[in-house]
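Keep it plain, and group the points by topic.

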Amino acid sequence: MRTKSVGKKKINVVTLGCSKNVYDSEVLMSQLKANGKEVVHEDRGDIVVINTCGFIDNAKEESINTILDYVDAKNRGEVEKVFVTGCLSERYKPDLIKEIPDVDQYFGTRDLPVLLKHLGADYKHELVGERLTTTPKHYAYLKISEGCDRPCSFCAIPLMRGGHVSTPIEKLVTEAQKLAKKGTKELILIAQDLTYYGLDLYKKRALGDLLKELVKVEGVEWIRLHYAFPSGFPEDVLDIIREEPKVCNYIDIPLQHINSDLLKSMKRGTTHEKTDALLGKFREKVPDMAIRTTLIVGYPGETEERFQELKDWVREQKFDRLGCFTYSHEENTTAHVLEDDIPQEVKEARVEEIMELQSQISWEKNQEKIGKVFRCIFDRKEGNYFIGRTEYDSPDVDNTVLVSAEDTYISIGEFANVKITSAEEFDLYGELL
């Protein structure tokens, strides 16, 4: 039984992977809406566009399973067409066409105009900076560049996203102004590498220049930095974080490992000593800064001794926020020629050890917050609690602040001062002042 072929078709955009994909889906949706198309995000539709992730094995598996689910739905007549775009499609298009031929068309990461044509829409240049946001309206991702020029041995992103291309400051300011007019109060700056921003356009690292312009946007109250690279970090940014109230005392800087030999093999352009010096500079210039990092365990050559060095370093640094992943042996990366010599069960056990250690660090840090007052923004209501965040916490990945909804009302998307009354490893509980 086929679905109806008359009337207006509803297009369902499904987003997998990171915040960069969320941004790309939002751009696609705004273009479709401007063309008079009915578009939904992760809901029921006649036509499905799956924006895939192809970064590591788990992400690829999720993307493939999602494609197969929608192909099955198509074969049952529940949807009419299935289109696939994004990183997995960019990287493995010939394989996907061969293995899952029932998909109507595959598109790469930079094929937006072509994808729109297949959906009966035209790419509208005048819409640059316009997005149909899928996040709560009070915060939005602002992608400041595309692609990456870094040579990290384990990473396939340049294969999927191409080289680094910065978006001009004036375009980003215009986009921020449009978001602010729609109610956005928090901008989360994202890129494959914030640190590199501006080198291609302005022949210098220009993240600081961008921040100086974004803080002038009326209505934006918080600006948060995600995905900075440690090598070549522009130190003027630290002065801006310290001096400018709108820029959150927060940075996400994936460090991946600390053993100098592994960092060299990873082609990270840094060492144990240089990394410690950079973190020392962060804490010296912005003593109140929350530092978030991510680590990789199980990289080829990570002996027990090198892993112990990583554990000792995590214990010593006491990061405010930390994520940890197992190494994924990705074809066509320079690390793929190395022997993937750490068994999967050992990789997973090492992740557990790191996260258990971080859980204790987080609990201790949160205990220190009891009795203190924080300005929080509230994202949603769940059960008997309003769920908010401090400036030290990014949505979906960091701590939350819970305030009882039984005898209190808080407007979603509003700021409020909260006194912390108790704390767990990753949650703070408080009362409104």
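R242 counts as partly exposed, at 41% relative accessibility. Its salt-bridge partner is E243, with the closest N and O atoms 2.9 Å apart; a salt bridge is a side-chain nitrogen of Lys or Arg within 4 Å of a carboxyl oxygen of Asp or Glu. E243 is exposed, with a relative accessible area of 56%. Here buried means under 20% relative accessible area, exposed means over 50%, and partly exposed lies in between (1.4 Å probe, protein chains only).

This is a predicted model, in which local features need pLDDT of at least 70 and side-chain atom pairs count only at pLDDT 80 or more, while totals for chains, interfaces and linings use all residues. Residues are numbered from 1 along each chain as its sequence is written, and side-chain values use heavy atoms, leaving out hydrogens and water.

**Salt bridges across the chain**
- A search of the whole structure finds 37 salt bridges.
- R150 forms a salt bridge with D193, and their closest N and O atoms are 2.7 Å apart.
- This pair links distant parts of the chain, 43 residues apart: R150 is in the loop between β7 (145-146) and α5 (157-161), and D193 is in the loop between β9 (186-190) and α7 (199-202). Helices (H or I, at least four residues) and strands (E, at least two) are DSSP runs, numbered from the N terminus.
- R150 is buried at a relative accessible area of 13%, and D193 is buried at 2%.
- E414 forms a salt bridge with K185, with the closest N and O atoms 3.1 Å apart.
- E414 and K185 are 229 residues apart and link distant parts of the chain.
- E414 is partly exposed at 37% relative accessibility, whereas K185 is buried at 16%.
- A network of salt bridges links D57, K60, R91, E330 and E331.

**Negative surface patch**
- E345, E348, E352 and E356 form a negative surface patch. Patch residues have over 30% relative accessible area and no salt bridge, and like charges are joined within 9 Å.
- E348 lies in helix α13 (residues 344-367), and E348 is partly exposed, with a relative accessible area of 43%.

**Domains from the record**
- UniProt places "domain: MTTase N-terminal" (unreviewed entry) at residues 9-124; that span is 47% helix and 21% strand.
- UniProt places "domain: TRAM" (unreviewed entry) at residues 367-433; that span is 1% helix and 52% strand.
- UniProt annotations may be inferred rather than shown by experiment.

Methods:
Patches are made of residues with over 30% relative accessible area and no salt bridge: like charges are joined within 9 Å, nonpolar side chains (Val, Leu, Ile, Met, Phe, Trp, Tyr) within 5 Å. Accessible areas come from the Shrake-Rupley method with a 1.4 Å probe; for residues, only the protein chains shown count as cover. Lys and Arg count as positive and Asp and Glu as negative; His and the chain ends are not counted. The place of a charge is taken as NZ of Lys, CZ of Arg, CG of Asp or CD of Glu.
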